[in-house]
Each structure stands twice: as structure tokens, then as C-alpha cells.
Amino acid sequence: VLIRGGALDEMLEHARARPEIECCGLLAGRDAIITDVFAARNELESATAFSIAPRELFRIFRRMRKLRLDHLGIYHSHPAGENVPSRRDLEQAYYPAAAYFILSPQPGATRPARAFRMVEGTFEECAIEVLGG
Ligand SMILES: [Zn+2]
């Protein structure tokens, strides 16, 4: 998965801003390169789950269309434990074509950002290629 360095930094900043709850948002760009982060509010305010209110999702998708960006990914954080997909993440994988970024806000995290894609009903990790800018 290809992502601009600035977008990756923005996501990680979002995750670290309130490390005690799962952060979440959508990712967009052009030509399969993620360039834009659309941070959302986790309406559950939970450390183990996230949900974006339908009204906010609608607003974000409308903004993406206006900016002529493609929806390319979704992200959330795991405040505790490994940043790999949980059972709940698999059950709620509503965007089969999107890259799923899972972040760790922990200061000692060796890989604070990891990315996964749905392949035949399960998540497979994919390499993150960071581009300048
Ligand atoms: Zn998760």
C-alpha cells in the first residue's frame, strides 16, 4: 500500500492525541496513493472498539467526492495490545477493497502503523511504502 509520509504522520498524531481510546478515520487519494486523512470521531469512546456515526461517514464521503479523491483506506488504533486485526475488526470489515491501517499509540511500539487487506474473507498484512510529501 502506497501512502504519503505526511498522511501517515497525521494518522499517527491522531492516534497519539488521545491514546486511551481507539481513534478512527478514512483515507483517500488518487492513483492508488493515499494522500488525505479524514479523521473521524469514535462515537463509542472505547478502548476496544470504534464506530463512526452514519451522518459523519456521509459527510466525509461527500467531501471526498467534492475533492475528487478515491476512498482507499480506513484506519483505527489499538490503545493496548498488538496492532493487528481483532475478531471484531474482521466481523466489521465493511470495505473489502480498502486498506485497513491499524495503529499503536504506545511509545514503545516497534511498528506503530501496520496495514492489512481483505483476501478471501481474512486479513492479510501488506507492506507500507511511504512516499515523500
Ligand atoms: Zn481493531
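Which residues does Ser77 touch, not counting residues up to four places away in sequence? In this predicted model, the residues touched by Ser77 are Ala15, Ile21, Glu22, Cys23, Leu103 and Pro105. Ser77 is placed in strand β4. With a relative accessibility of 0%, Ser77 counts as buried, because the cut-off for this class is under 20%. One of the residues touched, Cys23, also takes part in a polar contact with Ser77: a polar atom of the Ser77 side chain lies 2.9 Å from the backbone nitrogen of Cys23.

Strand β4, which spans residues 70–77, also holds His76, a ligand of the zinc ion. The zinc ion is coordinated by NE2 of His76, NE2 of His78 and two OD entries of Asp89, at 2.0 to 2.5 Å. Along the chain, the donors follow the spacing H-x1-H-x10-D. Because His76 lies in strand β4 and Asp89 in helix α3 (residues 87–91), this pair ties together parts that are 13 residues apart in sequence.

The angles among the 4 donor atoms of the zinc ion run from 57 to 161°.

Methods:
Residues are numbered from 1 along each chain as its sequence is written. This is a predicted model: local features need pLDDT of at least 70, side-chain atom pairs count only at pLDDT 80 or more; totals for chains, interfaces and linings use all residues. Side-chain values use heavy atoms; hydrogens and water are left out. Donors are N, O and S atoms within 2.8 Å of the metal (3.2 Å for Na, K and Ca); water is not among the atoms, so sites may look incomplete. Four donors count as tetrahedral if all angles lie between 85 and 135 degrees; four count as square planar and six as octahedral if opposite donors are over 155 degrees apart and all others between 65 and 115; anything else is irregular. Helices (H or I, at least four residues) and strands (E, at least two) are DSSP runs, numbered from the N terminus. Buried means under 20% relative accessible area, exposed over 50%, partly exposed in between (1.4 Å probe, protein chains only). A polar contact is a pair of N or O atoms within 3.5 Å; within protein, one must be able to donate a hydrogen and the other to accept it, and residues adjacent in sequence count only if both atoms are side-chain atoms. Contact means heavy atoms within 4.5 Å.
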